Amino acid sequence: MLGRSTRPHKPGLEPRARAGLDVCMAEPPSNPRKRRIHKRAPPGSKPGTLIADPQAPKPVLRAFGWGPATCEELAEMRVADLPALRARQPLVWVNVDGLGDAKVVRELGEVFGLHPLALEDVLNTHQRAKVDEFPGQTYVVARMLEAPGGVLETDQLSLFFGPGWVVTFQERAGDSFDPLRARLRAHEPELCGRGADYLAYALLDAVVDGYFPVLEHLGERVEELEHEALGSPSPRTLWGIHQLKSDLLLVRRAVWPLREAVLGLARQERPGLTADTRLHLNDCYDHTVQVMDLLENYRDIASSLIEVYLSSISNRLNEVMKVLTIITTIFIPLSFIAGIYGMNFDHMPETHSRWGYPLTLLAMVVVAVVLLLWFRRKGWIGRP
Amino acid sequence: MLGRSTRPHKPGLEPRARAGLDVCMAEPPSNPRKRRIHKRAPPGSKPGTLIADPQAPKPVLRAFGWGPATCEELAEMRVADLPALRARQPLVWVNVDGLGDAKVVRELGEVFGLHPLALEDVLNTHQRAKVDEFPGQTYVVARMLEAPGGVLETDQLSLFFGPGWVVTFQERAGDSFDPLRARLRAHEPELCGRGADYLAYALLDAVVDGYFPVLEHLGERVEELEHEALGSPSPRTLWGIHQLKSDLLLVRRAVWPLREAVLGLARQERPGLTADTRLHLNDCYDHTVQVMDLLENYRDIASSLIEVYLSSISNRLNEVMKVLTIITTIFIPLSFIAGIYGMNFDHMPETHSRWGYPLTLLAMVVVAVVLLLWFRRKGWIGRP
Amino acid sequence: MLGRSTRPHKPGLEPRARAGLDVCMAEPPSNPRKRRIHKRAPPGSKPGTLIADPQAPKPVLRAFGWGPATCEELAEMRVADLPALRARQPLVWVNVDGLGDAKVVRELGEVFGLHPLALEDVLNTHQRAKVDEFPGQTYVVARMLEAPGGVLETDQLSLFFGPGWVVTFQERAGDSFDPLRARLRAHEPELCGRGADYLAYALLDAVVDGYFPVLEHLGERVEELEHEALGSPSPRTLWGIHQLKSDLLLVRRAVWPLREAVLGLARQERPGLTADTRLHLNDCYDHTVQVMDLLENYRDIASSLIEVYLSSISNRLNEVMKVLTIITTIFIPLSFIAGIYGMNFDHMPETHSRWGYPLTLLAMVVVAVVLLLWFRRKGWIGRP
Amino acid sequence: MLGRSTRPHKPGLEPRARAGLDVCMAEPPSNPRKRRIHKRAPPGSKPGTLIADPQAPKPVLRAFGWGPATCEELAEMRVADLPALRARQPLVWVNVDGLGDAKVVRELGEVFGLHPLALEDVLNTHQRAKVDEFPGQTYVVARMLEAPGGVLETDQLSLFFGPGWVVTFQERAGDSFDPLRARLRAHEPELCGRGADYLAYALLDAVVDGYFPVLEHLGERVEELEHEALGSPSPRTLWGIHQLKSDLLLVRRAVWPLREAVLGLARQERPGLTADTRLHLNDCYDHTVQVMDLLENYRDIASSLIEVYLSSISNRLNEVMKVLTIITTIFIPLSFIAGIYGMNFDHMPETHSRWGYPLTLLAMVVVAVVLLLWFRRKGWIGRP
Amino acid sequence: MLGRSTRPHKPGLEPRARAGLDVCMAEPPSNPRKRRIHKRAPPGSKPGTLIADPQAPKPVLRAFGWGPATCEELAEMRVADLPALRARQPLVWVNVDGLGDAKVVRELGEVFGLHPLALEDVLNTHQRAKVDEFPGQTYVVARMLEAPGGVLETDQLSLFFGPGWVVTFQERAGDSFDPLRARLRAHEPELCGRGADYLAYALLDAVVDGYFPVLEHLGERVEELEHEALGSPSPRTLWGIHQLKSDLLLVRRAVWPLREAVLGLARQERPGLTADTRLHLNDCYDHTVQVMDLLENYRDIASSLIEVYLSSISNRLNEVMKVLTIITTIFIPLSFIAGIYGMNFDHMPETHSRWGYPLTLLAMVVVAVVLLLWFRRKGWIGRP
């Protein structure tokens, strides 16, 4: 999924950034993921006001209904079809891709009795992962991570579940639930023979499992940048390190609160959560701990990278200055000697001597050799 | 509200800061927000002594009174009008803009029985957000944030509430409560049908909602500075980063204790706080957590920015030094050759040869080309 | 008290530090506050051994005694006068300025039954703020801060109180208790009508209130150093930043444990502390929290300052190097051209041409202009 | 085991890294330990799905069975032989080296009733150390550390134990359990006379004891790098420091959660853990605390090292620049004087004077001496 | 004890480090205190195996026995003499200097019934301070600090106490218990009239009191290094700062766990610890808190020092570069002018003019003066 050739930088940057003498650094690639958060309702509005982002994609609904015997799937269904489905099947999962229409959210809320404060959070897609308990329902927020084309993106998953039903909202299409859907369609007993709480666990587990390829991708970037920072530091490397740190922060903000939320679900006894589901949630919690562990590892390395980069740059400056100093130190005295015998004094006996010129050249060679030996003894050239 | 063109720097700074050879950096713009704290009463005074800041604006009072049926508003009222209003209406909200007169504060304190230690805190406007419980009343301090013209300002909100009444004090006019006032005037049942505790919640929620546009503004500044630090670092960028970090600290000092205070209100059972209000306060707490989360994110990025800046500057120095070294290394040996044949020795056979001059020029070209190739191999010019 | 002109640096430093070419930095001003701690008794001695610092000032005692009706003051009294005073008045406060005589401390300890381990701490004046409970008495240590002449100093206040008496020890004369003494002399009912515990609170509150002017002074220094670091960084600035950080640490070490101590007094029920005093101590605790909050703010800014300083210095180096590079890059090729026509070859046709000289000068001008344009395009000179 | 000559760098790096004028740093040695984590099962799969890494070594089983009287050992046994062994002997330990075959793991799981979620963790070898309690069995994960050839490697140890049996899985052959096996073969009463829980403790203790030689090795590297960073900083040093920090992180990630796990085992009463074993686990916990303590010490020093390195590099740059400045500052004025008398004006009276040449040379000597004295006074050459 | 002239650097380093042009930094002084830890028994051995370090000094025993009436001292005694002493006197303290013989440790263990796991810790002298409770005895580990000749050394004190006896083990002779021994010999009632627990407290208190002179010594080094880093930074300073940080870590590792251990002893009720001893342990705990407080202070300053050092170095580089730039910028244009009139064109009218030479000299003076004024305006030379 995350190919080897994935690079964290725009390819268009390279030609300029590599151009040797050009000090004007290329503009860093503009960040495609804006750090904008925008509350839909103005401050002081009535809590629970539902206002959709007009630019968000329109909602597309897909429902699964299943019972001991069968499983049916309704793609691109309407909210009005839900009551019939719920009547037919004891267990129902409705998934909504796209939050561009507040009406659909409100109607679904009415069908399942979702809490207005929770629905407001569904539409304000900058929530932290959390678990909120409302009477007869549990509301879980998680952030899904994807890195299509090497650019990290998050997608807020709002998950409601109650006895016999699960409702999920996603910001846009595309998730890691397809194997789960296949297991539903195959009417797998381990999944279909349990309650709605198990499906909720399975969805959360798929979200957490979806973090692992992202971590693999980040691990590759860490290694690439380590190599660049130590071997061939360029402004592109600096940008890459900064971008990596921002991405790690993004992942951390997704995973850290989810860990707490999953732990809360797993540890606290609640109606509607069987002991079996809680055991599985515990396993899911273990996975979030692993993700955090690796993430903190990457963060520690990334923090160190910028110091490594600065040290590498200083090393190079040192080398540049040594070249300058060696060249200057050798030729300036030689030029000075040449300058002396370029003076136009009438009475300069050396200039009239037959050996003046060759002896002067010899003196120059001696000066140069002495200086070279001195630099060698200092360890600036050759082996010390 | 916070326009696109908002810049964190004084425009007058630019011409000088950009002037190429001018090393004397322009003076950084003086900080309009002084980091002065000043206790009004001298150390050792009697606690509860009320001394107003003579330079603060004079208090302006506005009261709302409402009941099951009606809502009345008294703009620019006097303290003396309050008893009549309280007699007419079961619920009353008095708002005071400006703390320039200790007498008004004292009189209001007498009308509602506000605690003297709390009133002292109202006038010393460098309080942290907190909740203090006094018999028959709850005292909440919050700090409102505004960024008019891109400069962050805080305004201390002191909020007292008890059964049937809410009193608020602000340092100056201007707040984010206008939608709330409109809802009161419209006699909205969700607001007017509940107690004073719900209004107190609604006020706090409006304060917290007011943090979001400020965060949006800070997010834009973070992005701008990231771009500058990576692409075109100037002394202005350094000042901008430092200013950003100070502003983030300011917001943090406002939000962090407020989070605790709201949590305290939401979690602890107290007389005068209905379960419904506590549920809403929980939602408000969630918002403060979101604000903190984003803020910590910005703080992490801002901390990294100064290292990025330093690395960018070092990169540039490196490039400057490469230019110097290349030019010097190429021309110094050439000048030395020219210097040799500028010597006035009588016996320099080359100078009399027909091919002396062209061969010398050729040698110079060869030296220059060899050095250029060497620099190219080093990757200092062109592609490596 | 802390005038505007207070500067954290010795004035004598300036002339040398400013002298342009002089690389030998002026010696940093020697630190007047030595970081020496010295335990009076050798390791392994009997605990409770009282040994006074022979260089400490001799103790001066001042006692207040008061009851429902009157208040009497005994300045420069002797320990022997105390029993009579205690017999006359129900409430007594004895203050000792100067710890140069272990005998006075021992005698006072006998009069009031002060615990030997506590008395040992009185004489070893490097205690952290703390509260120790002994039977029939409470022992509180606090550190008073002063900044006379811009140099921070701490003074250990040891405060004992029991039913009807308060004893305080200070390292030297000078404190912020004078308004309190005036209130005693005026026999103010709020103060004289309550017990010894209230006086103990009032003393601690005066100590905490005394931190605010010190913070104001530190805030001014932070602002000055911000300005210097961004606008005109000099070695003096570096010293100032380092000194500021040390001073902030000093204040932090005084305030942080005091906060804990005051909280301990306020929260824990103890005999001899009325509920009313505990309410006031809570208010005092709030003040210590405010002080810590500001202090942490300053510490964050000060930590950032040294990075800002380093970046400013690097910026300047960059500018210096640009000047050097521009001058060198322009004149070295010109000098090389001049060098070529300074060679003494017999056969240099250009030298004999009429237009050789003017054309060479023209070529030099062209080279210089081309290089200047190139530097301008790079943004090194003028506007980019 | 970790010989003195162990170096953290590839020997092939040295010749290039030491070559004086060569600024193109040698490529840092590629990291043999990839930071890849790879979940075998795709997101959304059924939990407990066992998929083996096809590249992992094939499993090799070795079992010990013992009772009050005898101890027998079965090398390279098959799972099918286990029931007979369990029938013969009351206590059994099965060790598996290599995880390349999911079937063997599944079969062993069936024989001992190991939990499917735990078995999934056995095959996903990027687990953190942990303790999971399942009915009738305890599952412990620990990470073993080895540093063959100076390169740190971790090996996941999965340890199950229940009444009468211990099962361990390792990623590959090679561990620190040989002394333990020898004690079993010798039928040592302290080991063979106790239950399976004591063997589990003994295995964990051997894992923890195996950390000490790794720490010794890391301590040597810290000392070497300290020496290099202070005495002769090279790009190789930078790479070494970065590598050391990564290795310390790796060890920390192994030890930190193990400490928690061992503490959990030692403190919590569980069926199947005797008080005697828990006392020994407490001792083992003490050892993990010692390891962490040393590790944090190394980490603190390693963090400081990169700053030391940067400072050393800056020191050297300073020295290089002083050389350049001294040479340039001395010879540029001298060359200028020579240049003046190289001008071809007709009317230069000095050039015709007999003393012109020697006086000019004298002036040059005077200028050089004055400059040298000035540099000496500045402390740039010789003693200040 | 720690004289003024104590320096943290080898004196032999200075001559080379100060030699101006010599860039090859002197080798940093080799660290006398190796960071080696070495477990005596190989991993997987039987716990409680006693193996002595063959290079450790041989044990020397000294015992005190005392009762209500007398106190006797046995210097250089043998283990075999102990039973008789214990029979004669109700209270016994045995001190062992040197751990080079496992047999003596084993025999003492048998006499007093010391726990084998604890005895193993006595011989592995890299323990953290801790308290272990075994039936009928308490085992305390503390690390004593000494700084003879300015080099910090730690010495593990293993202290066992039970009813009527105290046993202490030290790595080598030399401690801070001599005043305690004198008090025993003098049969001081405060010491001899209490139980073994009080002597254990007195020993721990002497260990903690022994930290204060070490802190005084570290405080002096902090001040010296502050002065050097700000005033005259040299490679020696860098080494000194790094060494100081390592030493502070060493002290911290000794004090931090001891603080916990003493607190554990003071707070938890145990048989064999009287309330009076616990009050004194509380006082001892206060002292460890003071030590930690000062230590953290030094650590904060030391962390800042390396940044200060780097900034100082950058400052100096700046000054060096200014000198280079000023000299080069002034003389390069002058040399260029001289170069022009050194050209050998036939038609250079100026060269034949009478005023050509003086006017050229005048032009040079003007150029030089203009440049000097420009540098002065920039603030690079003289006052700005």
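Predicted model: local features only at pLDDT ≥ 70, side-chain atom pairs only at ≥ 80, totals over all residues.
Two strands are taken to pair if DSSP finds at least two bridges between them. Six bridges join S1(D) to strand S2 (residues 71-77) of chain D, and the two strands run antiparallel. S1(D) and S2(D) form a hairpin, with four residues between them.

S1(D) also pairs in the antiparallel sense with strand S3 (residues 91-97) of chain D, over seven bridges. D:Gly65 stands opposite D:Val92 in S3(D), and the bridge partner of D:Trp66 in S3(D) is D:Leu91. Five of the seven residues of strand S1 (residues 60-66) of chain D are buried, so the strand is largely enclosed by the rest of the structure. For S3(D), seven of the seven residues are buried, so this strand too is largely enclosed by the rest of the structure. D:Leu91, D:Trp93, D:Asn95 and D:Asp97 point one way from S3(D), whereas D:Val92, D:Val94 and D:Val96 point the other way. In S7(D), D:Thr168 is the bridge partner of D:Asn95. Strands of a sheet pair through backbone hydrogen bonds, either parallel or antiparallel.

The sheet as a whole was described for chain A. Seven strands form an open sheet of mixed pairing, in the order S2-S1-S3-S7-S6-S5-S4. Strand S2 (71-77) and strand S4 (130-134) of chain A are the edge strands, each pairing on one side only. From one strand to the next, the twist averages 15 degrees. Helix H9 (residues 235-267) of chain A packs on the sheet, where it touches S4, strand S5 (137-146) and strand S6 (153-162) of chain A. The direction of H9 makes about 150 degrees with that of S5(A). Strand S1 (residues 60-66) of chain A is joined to S2(A) by six bridges, and the two run antiparallel. A:Arg62 stands opposite A:Ala75 in S2(A).

The largest nonpolar core has 361 residues. The residues with the most contacts inside this core are A:Trp93, B:Trp93, C:Trp93, D:Trp93 and E:Trp93. Apart from its neighbours within four places in sequence, B:Trp93 is in contact with residues including B:Arg62, B:Ala63, B:Phe64 and B:Trp66. Among its other contacts are B:Val166, B:Thr168, B:Phe177, B:Arg181, B:Leu184, B:Leu199 and B:Leu203. A second, separate core of 130 residues includes B:Phe345, D:Ile326, D:Ile327 and D:Leu334.

B:Thr329 lies in helix H10 (residues 275-340) of chain B. Its relative accessibility is 1%, so B:Thr329 counts as buried. The side chain of B:Thr329 reaches the backbone oxygen of B:Thr325 at 2.5 Å. Not counting residues up to four places away in sequence, B:Thr329 touches A:Val323 and A:Ile327 of chain A, together with B:Leu371 and B:Phe375 of chain B.

Most residues other than glycine have a negative phi. Phi of C:His187 is near 50 degrees, a positive value in a residue other than glycine. C:His187 lies in the loop between helix H5 (178-185) and helix H6 (189-192) of chain C. In chain D, phi of D:His187 is near 50 degrees, again a positive value, and D:His187 lies in the loop between helix H5 (178-185) and H6 of chain D. D:His187 has a relative accessibility of 21% and therefore counts as partly exposed, the cut-off for buried being under 20%. D:Glu190 is found in helix H6 (residues 189-192) of chain D and is partly exposed, with a relative accessible area of 30%. Leaving aside its neighbours within four places in sequence, D:Glu190 is in contact with D:Tyr198 and, in chain E, with E:Lys46.

Chains D and E were compared by superposition. A rotation of 72 degrees, with 0.1 Å of shift along its axis, superposes chain D on chain E with an RMSD of 0.1 Å. This is the relation of a five-fold axis. The C-alpha of chain D nearest the axis is that of D:Gly342, 4.5 Å from it. The copies use different surfaces, as 18% of the contact residues of chain D recur in chain E.

Notes
Residues numbered from 1 in each chain as written. Chains lettered and ligands numbered in written order. Heavy atoms only, no water. Axes fitted to C-alpha atoms, helices over the stretch in contact; angles between N-to-C directions. Contact = heavy atoms within 4.5 Å. Least-squares fit on C-alpha atoms with pLDDT ≥ 70 in both. Buried < 20%, exposed > 50% of the residue type's maximum accessible area, 1.4 Å probe, protein only. Core = buried A, V, L, I, M, F, W, Y, C linked by side-chain atoms within 4.5 Å. Polar contact = N/O pair within 3.5 Å; in protein donor to acceptor, adjacent residues only side chain to side chain.
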